[in-house]
Amino acid sequence: MSFNTFGQALRLTTWGESHGSAIGCVVDGCPPGLPLEASEIQAELDRRRPGQSRHTTQRREPDEVRILSGVFPDATGRQVTTGTPIALVIENVDQRSKDYGDIASKFRPGHADYTYLQKYGIRDYRGGGRSSARETAMRVAGGAVARKIIDRVSVRAALVQIGPHRIDRSRWDWAEVARNPFFCPDPMAAAAWEGYLDGVRKAGSSAGAVIEVVADGVPPGWGAPLYGKLDQDLASAMMSINAVKAVEIGDGFAAAELSGEANADEMRIGNDGRPVFLSNHAGGIVGGISSGQQIVVRFAVKPTSSILQPRRTIDTGGRDTEIVTKGRHDPCVGIRAVPVGEAMMALVLADHKLRHRAQVGGP
């Protein structure tokens with residue numbers, strides 16, 4: 001299987017399957033001399049870890065990460081990156097492959113089962129194998145390394161919609177994101193989502209979600225005007241996350257409803273002599289290059305395909321049948337996609353910082 005590597009100047013390669021013995025990644029291109037401890041990576045992984053509330057899969061994976069290579073103590077005794085490939089590994093310890101025995105020969109509607117088999121002629125039906133969202137743990141681990149490269153940039157994300165229920169943006173409070181199991185910035189919306197998702201879970205169904213990722217502190221100049229657009233790579237990164245079906249940057253689809261004068265982000269000179277934008281419809285990226293404004297990306301995650309409700313499908317023998325997916329699944333996979341979205345944003349920004357530095361110099 002090809003296409004397991006993401007990025008150019010900073011490259012993330014992931015490996016492993018949902019029910020294999022371990023999952024891992026290699027981060028290549030990281031500059032030397034950056035302090036890096038396993039505990040820093042673990043802090044990010046703990047935010048994505050399954051089984052932390054009744055609203056996510058009850059698979060009990062500690063997601064304990066080990067650094068296998070790419071770090072060494074410097075003259076002061078700190079552990080720092082060496083400029084060589086950073087290899088990370090997480091053991092899988094709570095697989096229940098027997099849960100998938102009944103669907104070994106059936107295709108789950110909405111899942112990658114059918115297309116995967118058509119492409120490769122073989123598939124690991126245990127939790128989706130390579131196409132499982134379990135792989136995203138390594139994206140989060142790689143994103144923790146990327147954050148070291150863009151240490152002056154803040155990357156945060158929040159869940160802004162579950163099913164048809166949206167937050168009230170007038171109540172947005174970043175501090176609330178860490179106080180509820182939904183990564184929700186609106187405490188009233190989070191409280192309402194509890195009951196809604198309980199009903200979805202008890203019905204054996206699932207719900208979709210929308211995640212918003214925001215980066216502050218990105219300087220102007222990252223990206224390129226044609227085939228290396230910053231928004232192009234961000235869209236690709238978010239779309240590569242499991243179950244993502246749409247991505248928008250800035251006003252996104254809503255920009256189509258605006259007039260030219262309403263959509264234009266007008267500029268003035270501020271008191272410090274630097275330009276000030278009067279709005280941010282573009283989401284911090286103009287012509288594929290960062291403007292210095294806040295970068296805003298949203299992506300939509302479809303409802304989890306593995307549900308308890310019977311669905312019509314076919315089997316590998318070409319026969320019509322029905323399927324019920326047992327096991328432990330997220331009623332809303334979008335919840336744990338929040339730290340994954342942050343990681344992908346960090347990876348793209350770190351990659352573009354290194355590309356920018358290689359072409360035009362700078363810190």
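## Salt bridges in a predicted model

E44 and R147 pair through their side chains in a salt bridge, at 3.8 Å from N to O. A salt bridge here is a side-chain nitrogen of Lys or Arg within 4 Å of a carboxyl oxygen of Asp or Glu. The pair joins distant parts of the chain: E44 sits in helix α1 (residues 38-48) and R147 in helix α3 (residues 136-149), 103 residues apart. Helices are DSSP runs (H or I, at least four residues), numbered from the N terminus.

The model is predicted: local features need pLDDT of at least 70, side-chain atom pairs count only at pLDDT 80 or more, and totals for chains, interfaces and linings use all residues. Residues are numbered from 1 along each chain as its sequence is written, and side-chain values use heavy atoms, leaving out hydrogens and water.

By the salt-bridge rule, the count is 26. Another of these pairs is E342 with R47, whose closest N and O atoms lie 2.8 Å apart. This pair also links distant parts of the chain: E342 is in helix α7 (residues 337-360), R47 in helix α1, 295 residues apart. E44, R47, R147 and E342 are linked in a salt-bridge network.

E176 and R179 form a salt bridge too, at 2.9 Å from N to O.

Accessibility follows, by relative accessible area (buried under 20%, exposed over 50%, partly exposed in between; 1.4 Å probe, protein chains only).

| Residue | Relative accessible area | Class |
|---|---|---|
| E44 | 18% | buried |
| R147 | 23% | partly exposed |
| E342 | 4% | buried |
| R47 | 26% | partly exposed |
| E176 | 15% | buried |
| R179 | 58% | exposed |

Definitions and conventions. Helices (H or I, at least four residues) and strands (E, at least two) are DSSP runs, numbered from the N terminus.
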